[in-house]
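Work through the following exercises with the sequence and the structure at hand. Each task is followed by a solution in steps.

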Amino acid sequence: MSVTERSVSDTQTAYVEQGSDAYADDIYSEDGSIRADFLDHVDSAIDAGDVEVLADAVSHLHESELGDLIETLEAEQRLKLVGLLGDRFDFSSLTEVDEAIRLDIVEALPNEQVAIALQALDSDDAVYILEDLGEDDQAEILAKLPFTERIRLRRSLDYPEESAGRRMQTEFVAVPPYWSVGQTIDYLRDSEDLPQTFAQIFVIDPTFHLVGAVDLDRILRTPRPVRIEEIMRETRHAIPAETDQEEAAQLFEQYDLLSAAVVDENERLVGVLTIDDVVDVIQEEAEEDLKRLGGVGDEELSDTVIETTKSRFLWLLINLATAVLASVVIGLFDATISQMVALAVLMPIVASMGGNAGTQTMTVAVRALATRDIDIYNAARIIRRELTVGFINGVVFAAVLGLVAALWFWNIPLGGVIAAAMVLNMVSAALAGILIPLLLDRFGIDPAIASSVFVTTVTDIVGFFAFLGLAAWWFGI
């Protein structure tokens, strides 16, 4: 046995002797990955088909920790883990993994088993798992659920993807306004059909229209005889179920909400959106914008080679077209370049600096549009600011690059030409970086998807044309 194998074996033996408490505090290494000894122990239990050891190893894990473990395991091991644990597998952990992994696991299980597992989850988690499945599988699983649960989930699934209605939890606490605080407290103590956690009690009329809300701390501090309508407050931030999840998240951020009522088109209470779901939304939207700026769409690390290739192909094809367009501009000055080789050496610098400057402005603009920090009232001021920044940076770098070029090729006029081109391109980059996202947003096109390719095209074309055109004019070639 090698030293490494003996070390792993000794660690696994120690784990078995100490029990799962050996890793109850932290299963992660210093770099944030799953600890190798813990992963080896789980792998060994899976390979041996030892259900009790496996269950003991993962029973203390939080759903997010179990999700990280599932993502770390090989595809075959994931399915074996779920199969061995059976009813003891925590299905809520599937909300913490990539969509591709979640689909692989759920589609490998009998629909009857999935239906049983979903009954133990909060409605928002159940919808999160169901929404990725095909319509036939959805219908079959829903048909196996109790009538009330089936209606709740079907209603959530009827709302648009990435809407508040899809993210809401349909379990909530609602009472009539004429109840006393004492009645409400007794109801909370005696009822078995309540959410596991909640921070607000909603007040509704007989037709289920939302009237107001009361925080739990207010109820606990109020004498029992006081009526709910006397201490409730109006719910000024009720969220329509059709609202995009990103807009709902912005409301939470703006008003420091912990939870918010979700209402249908008739202002009737249908669910509640909680801060834990909103945090997930914020993270998802930020990741989505970042990926779109890089041209990788909704790509996940778990995607196959074919899926990854497809998601990147169109973006690369568009970039090829823009690169050809930039080359056409260069081709207009082939005679100029052939007579002055220094131009070929220096022109990529101008285009590159403009591209980087444009990307900086574009990134700020796209994020500001996503968070609604740019509007009709401050757009002009921000455009002026970016123009000024572009001009100042252009002048500074023009001086530096002009001096370098003049000394490099012992040609002062050439330094002046590239300096002038640098100023023009940096100003153009600033304009393109702010105006292109604004225009795309104005016409209903997601600026995170399309801005980058347009900004890069503008800076390349302007950079090449300005530098080569000025050179041809100044040197008469």
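**Exercise 1: the sheet of β4, β5 and β6**

Three strands make up an open sheet with mixed pairing, in the order β4-β5-β6. β4 (239-240) and β6 (269-274) are the edge strands with a single partner each, so one side of each has no neighbour in the sheet. Strands and helices here are DSSP runs numbered from the N terminus (strands E, at least two residues; helices H or I, at least four), and two strands pair if DSSP finds at least two bridges between them. The model is predicted: local features need pLDDT of at least 70, side-chain atom pairs count only at pLDDT 80 or more, and totals for chains, interfaces and linings use all residues. Residues are numbered from 1 along each chain as its sequence is written, and side-chain values use heavy atoms, with hydrogens and water left out.

Task: Which way do the strands joined to β5 run, and which residues are bridge partners?

Solution.
- Step 1. β4 and β5 run parallel and are joined by two bridges. Isoleucine 239 has valine 262 in β5 as its bridge partner.
- Step 2. β5 (residues 259-263) and β6 run antiparallel, with five bridges between them. Alanine 261 is partnered by valine 272 in β6, and valine 262 stands opposite glycine 271.
- Step 3. The hairpin of β5 and β6 has five residues between the strands, and in its turn glutamate 267 has a positive phi of about 65°.

Task: Is β5 enclosed or open, and which way do its residues point?

Solution.
- Step 1. In a regular strand, side chains alternate between the two faces of the sheet.
- Step 2. Ser259, Ala261 and Val263 point one way from β5, while Ala260 and Val262 point the other way.
- Step 3. Five of the five residues of β5 are buried, so the strand is largely enclosed by the rest of the structure. Buried means under 20% relative accessible area, exposed over 50% and partly exposed in between (1.4 Å probe, protein chains only).

**Exercise 2: the sheet of β1, β2 and β3**

Task: What is the strand order, and which strands stand at the edges?

Solution.
- Step 1. The order is β1-β2-β3, in an open sheet of three strands with mixed pairing. β1 (174-175) and β3 are the edge strands, each pairing on one side only.
- Step 2. Two bridges connect β1 with β2, and these strands run parallel. Alanine 174 has phenylalanine 202 in β2 as its bridge partner.
- Step 3. β2 (residues 200-204) and β3 (residues 210-215) run antiparallel, joined by five bridges. Glutamine 200 is partnered by aspartate 215 in β3.
- Step 4. Five residues lie between β2 and β3 in their hairpin, where phenylalanine 208 takes a positive phi near 70°.

**Exercise 3: the faces of helix α9**

Task: Which residues of α9 are buried, and where do they lie around the axis?

Solution.
- Step 1. In α9 (residues 135-143), Gln138, Ile141 and Leu142 are buried.
- Step 2. Viewed down the helix axis, these buried residues fall within an arc of 95°, so they line one face of α9. The arc is that of the directions from the helix axis to the C-beta atoms.
- Step 3. The face turned away from the buried side carries the exposed residues Asp136 and Ala143.
- Step 4. The buried residues pack against α7 (111-118), α8 (123-130) and α10 (147-158), where contact means heavy atoms within 4.5 Å.

**Exercise 4: salt bridges**

Task: How many salt bridges does the structure hold? Describe the pairs of glutamate 76 and glutamate 131.

Solution.
- Step 1. The structure holds 13 salt bridges, each a side-chain nitrogen of Lys or Arg within 4 Å of a carboxyl oxygen of Asp or Glu.
- Step 2. Glutamate 76 pairs with lysine 80, and their closest N and O atoms are 3.4 Å apart. The two are four residues apart in helix α5 (residues 75-85), a separation of about one helical turn. Glutamate 76 is exposed at 53% relative accessible area, whereas lysine 80 is partly exposed at 35%.
- Step 3. Glutamate 131 forms a salt bridge with arginine 166 (2.8 Å, N to O). This pair links distant parts of the chain, 35 residues apart: glutamate 131 is in the loop between α8 and α9, and arginine 166 is in helix α11 (residues 164-167).
- Step 4. Glutamate 131 counts as buried at 18% relative accessibility, and arginine 166 counts as buried at 9%.
- Step 5. A network of salt bridges links Glu131, Arg166, Arg167 and Glu284.
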